[in-house]
Amino acid sequence: MQTHTLLMPLDMHLHLRDGVMLENVAPLSAYSFSGAIVMPNLVPPVASLQDLQDYRARIMAAVPNDYFEPYMTLFYKNYNRAFLQSVSDEITAIKLYPAGITTNSEGGVSSFDIEEMRETLDAMSELEIPLCVHGETDGFVMDREAEFMSIYELLATNFPKLKIIMEHITTKAAVDMLDKYENLYATITVHHLLLTLDDVVGGMMMPHNFCKPIAKRPEDLDALLSVALNAHPKVMFGSDSAPHPQDKKESCGCAAGVFTAPIALQLLCEIFEQYGKLDNLQAFVSDNAQSIYGICPEFKEIVLEKRTFVIPEKYASVVPMYAGQAINWAIKSVE
Ligand code: DOR
Ligand code: ZN
């Protein structure tokens, strides 16, 4: 039987939530990943050292003894230098949301006035704290990410020493930015390597494929595949796995988010194998992230095997992407 081994897989963009949801989903990520960048968009957001330490403790309590590192992030505000210095050892990055752009982002940034942000972003540059960005404007839904490119350019040129991560990119426009600015990097989800808008609303409306940013056009999908499959060194896997209870997805006013954490590595094997690029998967799911973030996860070895795996209908209250569908790769062992 064909197998494929991955070492220290990392999920560089993950929503773990809190409470019962955290208890349900954290073990699923901890099973197959060595670590994950944990998003701070709780209610209220993670925005102080105390919040962050308490949240980290709740995550550690929710995962089994298996080794799993939650790389913690703070919710971006215009923090002052002294505060950033005091938290710099405890955080891996700061996550910036434009206000109101997605789930629990109401307290985000409402103006990209560079002078208002300068103290924070200069201090982050000096302290080597990366800035993770949800890059969407409030424009027409298909154009939101492309419209945000001018803000990335503003940030990249004003803060050339700041590592800026364009999170969950979905467009050729974002892919094209990677080679334009040295300090721009990106994460890509597995669902954005599989879906276009057709898979969300092209036939019957598919709530479990609906997320922000929404899946785009075939040419965008091709651009994302080209950098992911070739393991472009500035691109990392970040699932953006975003669990919502089934009744919040299958409802009038469907919450944005695709739940993929427990099936992400299996789907990635399937995609990379399909294009004859399995040898590049290690860089995409771990090595690039280790270099970009300068992190060194504890040893973990995941062996996947090529056999039919039927994706469960549900993990606790959450319906995963492709629920009930058969895929070609399964996890064989984890050490
Ligand atoms: O689809 C999304 N869901 N996009 C985000 O940016 C946030 C996430 C969530 O927290 O549910
Ligand atoms: Zn996210």
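In this predicted model, the helix that puts most into the lining of the largest pocket is α4, with 3 residues. A pocket, on a 1 Å grid over the protein atoms alone, is an open set of points with protein on both sides within 12 Å along at least five of seven lines, and a lining residue has an atom within 4 Å of a point. The largest pocket is lined by 17 residues, and T92, E128, I129, P130 and Y293 sit nearest its centre. Two elements, α4 (114-127) and α11 (281-293), each give two or more residues to that lining. Its volume comes to about 320 Å³, where a volume is the space filled by probe spheres set on grid points joined across faces, edges and corners. Sorted by class, the lining has 9 nonpolar, 3 polar and 5 charged residues; Ala, Val, Leu, Ile, Met, Phe, Trp, Tyr, Cys and Pro count as nonpolar, Asp, Glu, Lys and Arg as charged, and the others, Gly among them, as polar.

The second largest pocket holds about 170 Å³ of space. Its lining is made up of L195, D199, M206, P207, H208, N209, V319, P320, Y322, A323 and Q325, which split into 7 nonpolar, 3 polar and 1 charged residues.

A cavity is a set of grid points where a 1.4 Å probe fits but cannot get out, and the count comes to 4 cavities of 30 Å³ or more. The largest cavity has a volume of about 120 Å³. Of the 16 residues lining the largest cavity, H15, T102, T103, K212 and D240 are the closest to its centre. That lining divides into 3 nonpolar, 9 polar and 4 charged residues.

As for what goes there, the largest cavity is the space taken by ligand 1, with a molecule said to sit in a cavity or pocket if more than half of its atoms lie within 2 Å of the grid points. Around ligand 1 there are 13 residues, with R17, N41, K212, H244 and A256 coming nearest; being near takes a heavy atom within 4 Å. This shell has 3 nonpolar, 7 polar and 3 charged residues. Polar contacts (pairs of N or O atoms within 3.5 Å) turn up too. An oxygen atom of ligand 1 is 3.1 Å from a side-chain N or O atom of T102, and an oxygen atom of the ligand is 3.2 Å from one in the side chain of T103. For K212, a backbone N or O atom lies 2.8 Å from a nitrogen atom of ligand 1. The protein covers 100% of the 290 Å² of accessible area that ligand 1 has on its own, by the Shrake-Rupley method with a 1.4 Å probe.

K212 also shows up in the backbone geometry: a cis peptide bond joins K212 and P213, with omega about -5°. P213 is in the loop between α7 (198-202) and α8 (218-229). The peptide bond from V43 to P44 is cis as well, with omega near -10°, and P44 falls in the loop between β3 (35-38) and α2 (49-62).

A few bookkeeping points: residues are numbered from 1 along each chain as its sequence is written, and chains are lettered from A and ligands numbered from 1 in the order in which they are written. Local features need pLDDT of at least 70, side-chain atom pairs count only at pLDDT 80 or more, and totals for chains, interfaces and linings use all residues, while side-chain values use heavy atoms, with hydrogens and water left out.

Methods:
Polar contact = N/O pair within 3.5 Å; in protein donor to acceptor, adjacent residues only side chain to side chain. Helix = DSSP H or I, 4+ residues; strand = E, 2+ residues; numbered from the N terminus.
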